[in-house]
Amino acid sequence: MSITQEAAKKHYKDPAIFCCYTGKGTVIGPAELEDPELFEEMEESGIITLSEDGLSIGQVMGRTLIKDCDALTPITKDLLDGVNELEEAEESEEDSNVEAPKETEVCEGGSGMIHLEINKLEGLSLDLPAGVSLGGLPVANVPGDKSIGEKKVIRKLVKKHIKINDAEIGKETSIKDGKITIDKNIVKDALKEDVLCKSLTLDVIKPEDRHIYTETIMDVVPIATKVEGEIGRGVTKVADGVVFMLTGVDEDGVQIHEFGSSEGYLDEKMYFGHPGCADEDDIIIRCNVVVERLSGMTRPGPFAAHKCQDYIIQAVREELKKYEGEVVREEICEDVRRKGNPRVVLVKEIMGQGAMHDNVLCPIEPCGVSGGRKNVDIGNVPVVLTPNQVRDGSIHALTCIGPATKEMTRHYIREPLVEGLAEDDEFDLIGVVFVGSPQVNDEKLWVSERLGSLLESLDVDGCIITTEGFGNNHIDFIEHIGQAGMRGIPVVGVSFCAYQGQLVVGNKYADAMIEENMDMGGFENDVAGCSCVTPEVATRAIQMLKNKMLGIDIKPAPKKWNNDVINANNKLLGLPETVLLDSGTMH
């Protein structure tokens with residue numbers, strides 16, 4: 001693969017190798033040279049052998065070839081009409097005595113960011129303005145305006161976590177003395193929600209009873225309900241210590257999944273404690289659904305399962321509204337603005353290819369289904385939500401992609417990146433953008449262009465872009481990064497890549513990437529919620545965005561995934577080590 005003029009400058013001192021057959025008399029330019037970033041993998045696979053006598057790109061550019069050469073031939077001096085001499089930049093006291101600046105440019109953007117450009121410099125003395133935060137990110141410093149960077153609360157959400165210590169399937173639906181009881185006969189009414197649901201069973205799994213067989217895990221859903229206001233504001237009650245888990249097959253026993261399933265012993269098939277999963281001590285109310293034959297890979301089939309489960313959860317929500325139990329935790333969530341701080345957004349790419357690749361946006365009840373709209377039905381276009389709307393359950397996940405990398409419904413109500421960005425007093429978090437990933441490439445490009453226009457209109461100073469899964473959706477994931485980068489917006493990407501999910505496309509703006517993988521072999525494994533955004537991933541991503549916005553160099557990642565690099569960064573930030581799960585995927 002040939003390189004560009006820009007790449008030739010970047011790799012000026014790297015070895016020069018022909019990328020293709022090159023004939024005698026050719027004047028060597030970037031079009032004739034192989035990309036040095038591929039050399040490590042090529043050497044390991046035996047495709048090339050670097051020569052000790054080989055010349056660098058800087059030494060061969062513009063020289064004429066005097067012999068025909070095959071592809072992947074290292075360029076040596078006997079092949080050329082001459083060799084360029086490389087000028088070494090030497091630093092001395094004399095070199096530092098440069099002219100005074102002839103031109104200085106200072107301008108302030110619409111977001112309050114100050115840009116300073118000095119062409120030449122002699123002796124620099126700076127007095128730091130009061131508008132520079134100790135954390136490093138600059139804030140606007142407008143004389144006389146004492147409100148710069150101050151926290152302005154737009155709306156408040158209170159999430160009251162109500163203690164639940166037991167659950168059972170019984171003769172009525174109620175919550176009494178911390179115990180949830182669900183009427184066993186509710187199943188008959190739930191099945192009426194959709195004819196594609198042929199049967200449904202409910203049972204309760206206590207933490208000590210998790211070594212039990214389960215069909216593939218389709219979703220984990222918290223029990224939450226509004227008691228005051230709409231989603232994103234007011235008061236929400238959340239049942240603490242219990243979640244619903246949706247599992248399912250079709251009438252032929254085929255698991256409802258697309259890329260890998262998670263049937264097996266429950267204690268081995270869920271990464272307990274991760275944001276989208278049940279926690280270590282949670283009681284699990286399992287809703288196992290059988291859908292019509294051959295409907296598991298269609299949009300209606302999996303959605304039918306979610307609707308039937310949501311009917312049952314809604315009955316529990318109605319009881320939770322009335323229940324005045326022990327509040328074990330009161331979570332205060334605020335949508336805030338910090339005028340003058342760098343404006344940032346979080347972009348979350350969600351599945352939108354159809355079949356079971358879909359999500360419900362903005363339902364009536366937190367994490368619910370009723371009243372919401374599917375991102376596929378609205379063309380996968382970018383939708384902006386407030387941080388509080390996300391934290392109050394505005395997303396119900398219908399996704400049945402690979403178990404390890406899918407973000408389940410519970411993930412969104414406690415998404416670590418939303419939490420981290422919202423609480424960071426160095427940022428002005430504008431919102432959270434959800435954008436679907438269509439199936440067809442033309443649609444991917446169209447949707448990504450809409451995202452680029454949105455980011456430009458929001459006048460943001462930085463953004464983090466995440467995606468769940470890998471492969472097909474990496475095409476638009478990288479395109480999103482390009483749309484931000486081409487507008488001069490510092491951008492950090494967050495995804496599962498590792499070994500199996502290595503990026504199939506790229507661009508020059510994808511130079512700040514955060515890895516989610518927690519599988520020892522670097523594969524999509526069959527453990528639900530294993531390789532997703534965790535608090536540690538979020539912390540690394542936020543710090544990397546700050547570094548990029550400050551112009552701090554980010555070292556290129558190794559050509560191959562290496563967990564030691566991740567742990568080195570964890571250590572720098574005081575985070576625990578990323579311990580990989582041995583799920584038998586080592587290759």
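Reply: Happy to. Let's start with Arg450, which counts as partly exposed at 31% relative accessibility. Please keep in mind throughout that this is a predicted model. The partner of Arg450 is Glu449, and their side chains meet in a salt bridge with 4.0 Å from N to O. Glu449 also counts as partly exposed, its relative accessibility being 31%. Elsewhere, salt bridges that share partners join Asp279, Asp282, Arg410 and Arg414 into one network. A search of the whole structure gives 40 salt bridges, so let me pick out two further pairs that tell you something about the fold, beginning with the one between Lys269 and Asp526, which ties together parts 257 residues apart in sequence.

In that pair, the closest N and O atoms of Lys269 and Asp526 are 2.5 Å apart. Lys269 belongs to helix H5 (residues 266–269), while Asp526 sits in the loop between strand S22 (513–515) and helix H12 (535–549). Are the two partners buried or partly exposed? Lys269 is buried, with a relative accessible area of 12%, because anything under 20% falls in that class. Asp526 has a relative accessible area of 27% and is partly exposed.

The other pair is Glu334 with Lys151, where the closest N and O atoms are 2.7 Å apart. Lys151 is partly exposed, at 48% relative accessibility.

Among contacts between residues at least 6 apart in sequence, 75% join residues at least 24 apart. The secondary structure comes to 13 helices and 22 strands, and 51% of the 587 residues count as buried.

Three strands form an open sheet in the order S4-S6-S5, with mixed pairing. Strand S4 (166–170) and strand S5 (174–176) are the edges; each has a single partner strand, so one side of each has no neighbour in the sheet. On average, neighbouring strands here are turned by 20 degrees against each other, direction ignored. S5 and strand S6 (residues 179–183) run antiparallel and are joined by three bridges; the bridge partner of Lys176 in S6 is Lys179. Across S5 and S6 lies helix H6 (residues 300–322), which runs at about 40 degrees to S5.

For the model, the count of disulfides comes to zero.

Strand S9 (residues 217–228) is mostly covered, with 10 of its 12 residues buried. Nine bridges connect S9 to strand S10 (residues 234–250), and the two run antiparallel. Among the paired residues is Pro222, whose bridge partner in S10 is Val243. Five residues lie between S9 and S10 in this hairpin, and in the turn Gly229 has a positive phi of about 80 degrees.

Finally, a word on confidence. The protein averages a pLDDT of 88, and 89% of the residues score at least 70. Residues 89–132 are a stretch to handle with care: pLDDT stays under 50 there, and the model has 45 contacts beyond four places in sequence for this stretch. Where pLDDT is low, the predicted coordinates should not be read in detail.

Key. Residues numbered from 1 in each chain as written. Heavy atoms only, no water. Buried < 20%, exposed > 50% of the residue type's maximum accessible area, 1.4 Å probe, protein only. Helix = DSSP H or I, 4+ residues; strand = E, 2+ residues; numbered from the N terminus. Pairing = 2+ DSSP bridges. Axes fitted to C-alpha atoms, helices over the stretch in contact; angles between N-to-C directions. Contact = heavy atoms within 4.5 Å. pLDDT = per-residue confidence, 0-100. Disulfide = S-S within 2.5 Å.
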